[in-house]
Amino acid sequence: MRQLKPGIYSVGAIDWDRRLFDELIPLPDGTSYNAYLIKGTDKIALLDTVDPTKTEVLIGNLVKAGIEKINYVVAHHAEQDHSGAIPDILLLYPDAKVVVTAKCKQMLIDLLNIDEDRFLTVDDGQTLSLGDKTLQFVHIPWVHWPETMGTFLQEDKIFFPCDFFGSHLAGSSLFVDSEPVVYEAAKRYYAEIMMPFRAAIQNNLKKVGELEIEMIAPSHGPVYNKPDFIIDAYKDWVSDNVKNEVVLPYISMHGSTRKMVEHFVDALIERDITVKQFNLTVADVGELAMSLVDAATIVLGCPTVLAGAHPKVAYAAILANALRPKTKFVSIIGSYGWGGKMAEQLKGLIPNLKVELLTPVIAKGCPKDDDFAALEKLADEILARHRELNRQDGLRQIAD
Ligand code: FEO
């Protein structure tokens with residue numbers, strides 16, 4: 001148990017060894033499930049719990065600290081990495097009420113079979129006194145689910161936003177000790193978890209901006225004792241601005257698409273466009289997601305398999321479609337042997353992206369002079385589109 005400020009403690013668990021979340025998202029640096037205990041002069045509140053695999057750690061921390069009574073368990077978010085230990089906590093503290101939004105109450109009943117009479121539902125802005133400490137509940141939907149709220153501890157000016165502003169980072173330091181390291185982890189987290197909800201986050205940032213926050217204590221990763229660092233990073237990520245970058249996830253089976261990718265990447269570099277190339281046989285999905293946060297353009301490099309797109313490239317397209325980056329342009333380069341609808345199929349997999357499709361370059365067999373010329377033309381087109389965005393102030397880092 002570690003102290004943030006007098007009467008406020010971190011009692012959750014560090015998960016050094018976890019390497020995958022949702023059986024999808026790589027966690028190269030592990031994670032933590034932060035739970036916070038707030039001792040007021042009259043009452044005690046536990047903010048969030050931990051993943052069910054770490055219930056013993058949470059209970060061990062509470063027992064070691066001699067906590068015999070908990071009045072409130074604030075469940076900011078129903079996802080099990082924070083709510084999973086609530087049933088055990090309710091058994092241990094039979095008088096505790098679970099403080100939730102109305103939506104979260106129903107989700108916890110559905111997910112964890114918690115009895116209806118254990119809940120206390122709170123509205124946006126409602127407060128709850130612990131004596132000398134006051135919890136103010138702030139509804140922040142879609143960071144990460146629609147039911148999510150945060151808590152502002154008024155006297156100590158600490159905001160507890162659950163997933164919002166978090167990072168999957170296991171570490172022994174309670175507070176941020178290296179901003180560059182945490183920036184990378186938080187950006188990866190934003191890309192994988194938060195990016196689909198960019199518009200909702202813009203609203204939530206405005207709401208959070210109205211609070212006089214001196215510290216942000218999220219439910220994953222270290223606590224921010226300089227909150228402007230992460231708030232400013234979020235403002236940048238959710239802004240409408242994109243960068244002069246092309247993300248190029250690709251697969252090549254017999255070398256034709258690879259030759260096109262290599263030529264095209266050189267063409268982009270010659271035009272001073274930043275390129276992030278990902279061979280999808282070995283790419284880290286998290287790195288790919290991070291690259292999508294601010295790139296202006298995605299180009300998929302894809303061979304044709306059984307008349308359609310290579311499944312690994314289809315997977316990258318589906319992933320981008322789910323993450324909804326603010327990308328402005330998409331194109332496709334690749335090859336085919338005897339026919340098929342590879343490009344049409346890939347286009348059909350990205351309906352959520354509000355992008356303009358630039359004419360694909362598809363070679364029959366290995367690429368010939370005409371195909372390389374078409375790739376040069378596509379690079380010119382991307383440069384022109386990026387410059388146009390630059391003139392509209394929608395893009396940074398490009399020389400006109
Ligand atoms: Fe950390 Fe959406 O749960």
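At roughly what angle do the axes of helix α6 and α7 cross, and within what distance do they come? In this predicted model, the two axes cross at roughly 140° and come within 10 Å. Angles over 145 degrees would count as roughly antiparallel, and this one falls in the range that counts as oblique, so α6 and α7 are oblique to each other. The crossing of α6 past α7 is left-handed. On the α6 side, which spans residues 198–209, the contact is made by R198, I201, Q202 and L205; on the α7 side, Y234, K235, W237 and V238 take part. Sorted by class, this contact comes out as five nonpolar residues, one polar and two charged.

Helix α7 (residues 228–238) also packs against helix α5 (residues 179–194). Here the angle is about 45° and the axes lie 11 Å apart, and α5 and α7 are therefore oblique to each other as well. The handedness is another matter: α5 passes α7 in a right-handed crossing, while α6 passes α7 in a left-handed one. From α5, the residues in the contact are E179, V182, Y183, A186, K187, Y189, Y190 and M194. They meet F229, I230, A233, Y234, D236, W237 and V238 in α7. The class count for this pair gives twelve nonpolar residues, three charged and no polar ones. Y234, W237 and V238 of α7 turn up in both places, meeting α5 and also α6.

A further helix pair involves α8 (residues 256–270) and α12 (residues 369–391). Their axes come within 9 Å and cross at roughly 40°, and the two helices are therefore oblique to each other. As with α5 and α7, the crossing of α8 past α12 is right-handed. K259, M260, H263, F264, A267 and L268 are the α8 residues in this contact, and they face F372, L375, E376, L378, A379 and I382 of α12. Nine of the residues in the contact are nonpolar, one is polar and two are charged.

By class, the lining of the largest cavity has seven nonpolar residues, with no polar and no charged ones.

The second largest cavity holds about 30 Å³, and its lining has another make-up: three nonpolar, three polar and three charged residues. Lining this space are F21, E79, D81, H144, D163, H168, Y189, I193 and H220. Among them, Y189 links back to the helix packing: this residue lines the second largest cavity and is also one of the α5 residues that meet α7.

Definitions and conventions:
Residues are numbered from 1 along each chain as its sequence is written. This is a predicted model: local features need pLDDT of at least 70, side-chain atom pairs count only at pLDDT 80 or more; totals for chains, interfaces and linings use all residues. Side-chain values use heavy atoms; hydrogens and water are left out. Axes are lines fitted to C-alpha atoms, for helices over the stretch in contact, and angles run from 0 to 180 degrees between N-to-C directions. Helices (H or I, at least four residues) and strands (E, at least two) are DSSP runs, numbered from the N terminus. Angles under 35 degrees count as roughly parallel, over 145 as roughly antiparallel, 65 to 115 as roughly perpendicular and the rest as oblique. A crossing is left-handed if the near helix is turned anticlockwise from the far one by less than a right angle, and right-handed if clockwise. Contact means heavy atoms within 4.5 Å. Ala, Val, Leu, Ile, Met, Phe, Trp, Tyr, Cys and Pro count as nonpolar, Asp, Glu, Lys and Arg as charged, and the others, Gly among them, as polar. On a 1 Å grid over the protein atoms alone, a cavity is a set of points where a 1.4 Å probe fits but cannot get out, and a pocket is an open set with protein on both sides within 12 Å along at least five of seven lines; lining residues have an atom within 4 Å of a point. Grid points are joined across faces, edges and corners, and a volume is the space filled by probe spheres set on the points.
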